Structure formats: structure tokens, C-alpha cells
Amino acid sequence: MREINACLFDLDGVLVDTAIYHYKAWRRLANELGFDFTEKDNEKLKGISRIQSLKLILEWGGIKKTSKEIEELSQKKNDWYLEMIADIQPNELLPGSREFLQELKDHGIKIALGSASKNAIIILDKTNIRHFFDAIVDGNMVQASKPDPEVFLIGAKLLNIQPQQCVVIEDAVAGVEAALAGNMKVIGIGDKGVLKEANLVVASLAEMSIDQLNSL
Ligand code: BG6
Ligand code: MG
């Protein structure tokens, strides 16, 4: 057993119910390009950057685009996504999010965000949870997409906590791999069958307590 001093949270699909909007916006783009993809395929998009997601989707559709077109298509998807989250409210926080953040704060455990999204700050503000974070690392600050551990290693560094004393909370396979590659423990939010490598998988943050962190 080791002492946990920090929690690093993914955002989309962990704290806020935004993973569904990414899926809807990408699907709309794929449909416009003349093909579709499934919810199972969508698991592969979770946690990875906007451009990498688009490149994967184009591969699935067997479509080749120039870099300029790729840039335009990713902008189009992001415009739709921003429309979808324009009116997002604190009530779209996932069950237990705010309560668990508060519990960590009350126990003096440091909190960081480790998200691939370039829209993370907008969402933290709209859902009124930005003040919980001691450090925020988002898609504007990293070079390498999850499963590379960069986003979480920067977070640990900003908090001044050793990776071994951090727990990552993730809903994406790529994010679970990133945490393990960074020598951190990881709690999966979602399906045990999908997030096989996580140290613990729970259905939502409503099931989490401080005691579980130190027993990983
Ligand atoms: C991750 C999502 O949090 O952020 C991915 O899981 C998304 O689906 C990625 O592609 C990048 O998000 P954004 O908001 O910068 O397009
Ligand atoms: Mg996620």
C-alpha cells in the first residue's frame, strides 16, 4: 500500500457528460462524408486528440484528405461540438463528481486536470468546478496524445507530487494506458470489460471514497 497525495482527473466522460457530444459531432461529420461508425469504434476515439481522432475516422471511411482539408474538417467538428456544449450546466456533471472533488479537497489531496481537450477550461467554467483544481493540463499544453503519459506527468510535476503518489481517474482505454505508462495508479470509470488494465473500475464517481484511493 502506498500513500496517495494527488488525484489527476480526465474531464470528458469522467467529470462531465461530454463524451456523448464528441461522439455525436464526429458521427455527424462521418455521415456527411458518406459513412458511419459504431459506439464500439468510438471507444478508440476517447482520450485522443482532435486531429488524431479525425485521422482515425478518415481511415475507417477509407478517405484521403490534404492537411488543409483535415484542418477545416476538425474545425467544423469543433464548431458543432461548441454549439452542443454552449448551454452546458452544472447539472451535466456526472454523478458524484462535485462531491468527490469536495471530499479530496477536505482531505488535503491535490487535484489536477489531465485532459486532451482544448475546450477543457470552457467546460470547467460552465460547470462551476474550476476552483477545485490546483493544476490544469489540457490539450493546448501537450505535444503527445494519450496513451503517452505526458499530460499526467506534467500534471504531477505542476503539483510537485511523485507519479507513484498519484491516482488517475479515466474513462478511456488510451487514458488508462497513459496513467500506467506514467507509473501511476488508475481508476477506470465505466465498463470493466473495456477498461481491463485499470487497478479498479467503478461505474461512476458516486461509488468512490478516499479510503479506496489508498487501497489500490
Ligand atoms: C478528450 C476526448 O477528452 O478530448 C476526445 O475524450 C477528444 O474524444 C479530445 O477528441 C480532444 O477534445 P477537443 O475538445 O480538443 O476537441
Ligand atoms: Mg475521457
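**Helix packing, ligand surroundings and backbone features**

The crossing of H1 and H3 is right-handed, a term for the near helix being turned clockwise from the far one by less than a right angle. The structure is a predicted model, in which local features need pLDDT of at least 70, side-chain atom pairs count only at pLDDT 80 or more, and totals for chains, interfaces and linings use all residues. Residues are numbered from 1 along each chain as its sequence is written, chains are lettered from A and ligands numbered from 1 in the order in which they are written, and side-chain values use heavy atoms, with hydrogens and water left out.

Two packed helices are described by the angle between their axes and the distance between the axes. Helices (H or I, at least four residues) and strands (E, at least two) are DSSP runs, numbered from the N terminus. Axes are lines fitted to C-alpha atoms, for helices over the stretch in contact, with angles from 0 to 180 degrees between N-to-C directions. The axes of H1 and H3 come within 11 Å and cross at roughly 40 degrees. H1 is therefore oblique to H3. Angles under 35 degrees count as roughly parallel, over 145 as roughly antiparallel, 65 to 115 as roughly perpendicular and the rest as oblique. In this contact (heavy atoms within 4.5 Å), Trp26, Leu29 and Ala30 of H1 meet Arg50, Ser53, Leu54 and Ile57 of H3. Five of these residues are nonpolar, one is polar and one is charged. Here Ala, Val, Leu, Ile, Met, Phe, Trp, Tyr, Cys and Pro count as nonpolar, Asp, Glu, Lys and Arg as charged, and the others, Gly among them, as polar.

Helix H4 (residues 67–85) also packs on H1 (residues 19–32), with axes within 9 Å and a crossing of roughly 135 degrees. H1 and H4 are therefore oblique to each other. Their crossing is right-handed. H1 contributes residues including Trp26 and Leu29, and H4 residues including Leu73, Trp80 and Tyr81. The contact of H1 with H4 holds nine nonpolar, one polar and five charged residues.

H3 (residues 50–60) and H4 approach within 10 Å, their axes crossing at roughly 110 degrees. H3 is therefore roughly perpendicular to H4. Arg50, Ile51, Leu54, Lys55 and Leu58 of H3 meet Ile70, Glu71, Leu73, Ser74 and Asn78 of H4. By class, five are nonpolar, two polar and three charged.

A polar side-chain atom of Arg50 lies 2.7 Å from an oxygen atom of ligand 1. For Asn119, a side-chain N or O atom is 2.7 Å from a ligand oxygen. Gly47 places a polar backbone atom 2.8 Å from an oxygen atom of the ligand.

Two backbone features complete the description. Most residues other than glycine have a negative phi, and most peptide bonds are trans. Asn128 has a positive phi, near 60 degrees. Asn128 sits in the loop between helix H6 (120–126) and S3. The peptide bond from Lys146 to Pro147 is cis, with omega near 20 degrees. Pro147 lies in the loop between strand S3 (135–137) and helix H7 (150–159).

How values were computed:
Polar contact = N/O pair within 3.5 Å; in protein donor to acceptor, adjacent residues only side chain to side chain.
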